[in-house]
Amino acid sequence: TSGSKRDSAPRWSPDGRALAFTSNRESEHAQLYVMPVGGGEPRRLTDLNEDVTAPAWSPDGAQIAFTARVPHPSYEETDEARRPPRRITRLQFKLDDVGWTGDRRQHVFKVAVEGTGGPEQLTDGDFEDSDPCWSPDGSRIAFSSAREDDWDLNLVRDVYVIDEERAIEKLTASDGTAEFPSWSPDGTRIAYLFIPGVFDDPRHAQVAVVDVATGDRRILTESLDRNCAPFPNYREPIWDDDDLLFQIDDHGTTPLYRVPADGSGKPEQLEDDAAYLDGYDAVGPLIVRAFTEPTALCELSVGGQKLTDVGAAFAEARNLVAPERFVATSSDGSEVEAWIMRPEGLSSGERYPTLLSVHGGPFTQYGNRFLDEFQVYASAGYAVVYANPRGSSGYTEEWGRAIRGPVDGGPAE
């Protein structure tokens with residue numbers, strides 16, 4: 001693709017001949033397009049008043065599911081001062097970078113790839129639906145949502161399935177956050193990311209599998225004692241025959257792991273990923289990684305072979321500073337992993353101002369990745385210190401929960 005607008009969320013068709021993606025090239029909002037890989041112009045499939053997100057091809061390539069917000073008819077009035085007042089009845093009514101949500105909830109749609117018919121809305125109601133995923137036979141779509149009466153107060157999410165008759169079934173147990181569903185190749189199970197507990201943060205996200213027929217759940221990654229949903233670029237578990245591929249936070253890196261979906265073995269790391277993975281995908285034995293390093297922008301690799309070098313010109317035009325890892329020992333003997341980036345053009349014997357950067361949440365970690373703001377500080381003559389103190393992911397769950405305080409099972413001091 002080309003042009004001055006934003007193209008994103010590319011998805012291969014099942015036969016590999018077309019690419020679906022979203023773009024705002026012809027509209028204020030991102031719409032869904034399909035483009036033949038062999039050549040030709042993209043064809044627009046939607047004309048909605050909201051952004052199209054999370055496109056997912058049906059197994060036969062005839063339809064694409066996606067999510068979009070459904071605005072109240074009052075939004076047709078372009079002058080906001082003339083719209084009627086909002087009546088807010090839910091605690092969750094607004095989001096950063098999204099705006100008002102109480103009168104424009106997100107739902108699941110589908111649209112035919114060929115033909116002139118427009119999108120068909122599959123879910124509705126005062127709920128937030130996301131992460132659509134087709135069953136292998138194309139008869140059902142799994143998605144994540146919270147659909148109990150008090151969903152905005154009791155902060156749980158579940159995996160649901162909607163069939164061709166629009167019947168919706170809840171598969172998970174409303175005992176935590178269940179999201180990013182992924183159907184098994186035979187359609188009998190759904191893998192997903194599961195964060196246990198309600199009002200009990202932080203907890204390690206786990207990889208779980210639910211039996212579609214019985215609702216029985218198996219959690220596969222508890223033995224790791226690591227967070228299995230690195231923020232912000234985590235995705236659904238990927239099926240590889242009867243194994244699942246997933247990513248974890250671990251000491252400033254985000255390596256890939258494999259685990260048997262039937263629970264017959266423990267998770268094992270695929271290889272020693274020293275770089276920080278910003279994305280990955282797998283088809284059969286082929287695993288593609290998008291990796292970044294402290295002095296390099298994101299690039300693609302397959303089997304250890306680097307495929308792209310798109311960030312070379314950026315790096316060559318700047319004096320990027322490599323961080324130095326060290327360990328700080330706390331008063332109780334705990335070791336805190338930390339890094340320092342020294343000022344660009346450092347002169348021996350000179351004193352320099354130092355910035356201590358403390359990361360916040362969601363549950364996350366600093367690590368071996370390109371951090372643009374730190375490079376800006378270093379180029380301006382500052383030393384930068386950053387660390388993963390207690391409360392960070394990438395270590396044991398006990399390490400992450402140590403900042404909870406003396407309530408609800410938190411430490412007394």
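Student: Okay, so Ala, Val, Leu, Ile, Met, Phe, Trp, Tyr, Cys and Pro count as nonpolar, Asp, Glu, Lys and Arg as charged, and the others, Gly among them, as polar. How do the residues lining the second largest pocket divide up, then?

Tutor: This is a predicted model, by the way. In that lining you get five nonpolar, three polar and five charged residues.

Student: Which residues lie nearest the pocket's centre?

Tutor: His-29, Asn-49, Glu-50, Pro-71 and Tyr-75 do, out of 13 lining residues. The space inside the second largest pocket comes to about 320 Å³.

Student: And which strands supply at least two residues each to that lining?

Tutor: Strand 6 and strand 9 do.

Student: How do those two strands pair, parallel or antiparallel?

Tutor: Antiparallel, with nine bridges between strand 6 (residues 63–71) and strand 9. For a spot to look at, find Thr-67, whose bridge partner in strand 9 is Val-108.

Student: What else does strand 9 pair with?

Tutor: Strand 10 (residues 120–121), which also runs antiparallel to strand 9 and is joined to it by two bridges. There, Lys-110 sits opposite Glu-120 of strand 10.

Student: Is strand 9 mostly covered or mostly open?

Tutor: Mostly covered. Strand 9 spans residues 104–112, and seven of its nine residues are buried.

Student: Switching to Pro-132. Where is that one found?

Tutor: In strand 11, which covers residues 130–134.

Student: Why does Pro-132 count as buried?

Tutor: Because its relative accessibility is 8%, and buried means under 20%.

Student: What does Pro-132 touch, leaving out residues up to four places away in sequence?

Tutor: It touches Ala-54, Ala-56, Ala-65, Phe-66, Thr-67, Val-108, Ile-141, Ala-142 and Phe-143.

Student: What sense do strand 29 and strand 30 pair in?

Tutor: The parallel sense, over four bridges, with strand 30 covering residues 383–387. One place to look is Ser-357, whose bridge partner in strand 30 is Tyr-386.

Student: Last topic: how many cavities of 30 Å³ or more does the structure hold?

Tutor: One. The largest cavity has about 40 Å³ of space.

Student: What lines the largest cavity?

Tutor: Pro-230, Phe-231, Pro-232, Asn-233, Tyr-234, Gln-247, Thr-254, Tyr-276, Leu-277 and Asp-278. Strand 23 (residues 276–283) gives the largest share, three residues.

Student: And how does that lining look by class?

Tutor: Six nonpolar, three polar and one charged.

How values were computed:
Residues are numbered from 1 along each chain as its sequence is written. This is a predicted model: local features need pLDDT of at least 70, side-chain atom pairs count only at pLDDT 80 or more; totals for chains, interfaces and linings use all residues. Side-chain values use heavy atoms; hydrogens and water are left out. Two strands pair if DSSP finds at least two bridges between them. Buried means under 20% relative accessible area, exposed over 50%, partly exposed in between (1.4 Å probe, protein chains only). On a 1 Å grid over the protein atoms alone, a cavity is a set of points where a 1.4 Å probe fits but cannot get out, and a pocket is an open set with protein on both sides within 12 Å along at least five of seven lines; lining residues have an atom within 4 Å of a point. Grid points are joined across faces, edges and corners, and a volume is the space filled by probe spheres set on the points. Contact means heavy atoms within 4.5 Å.
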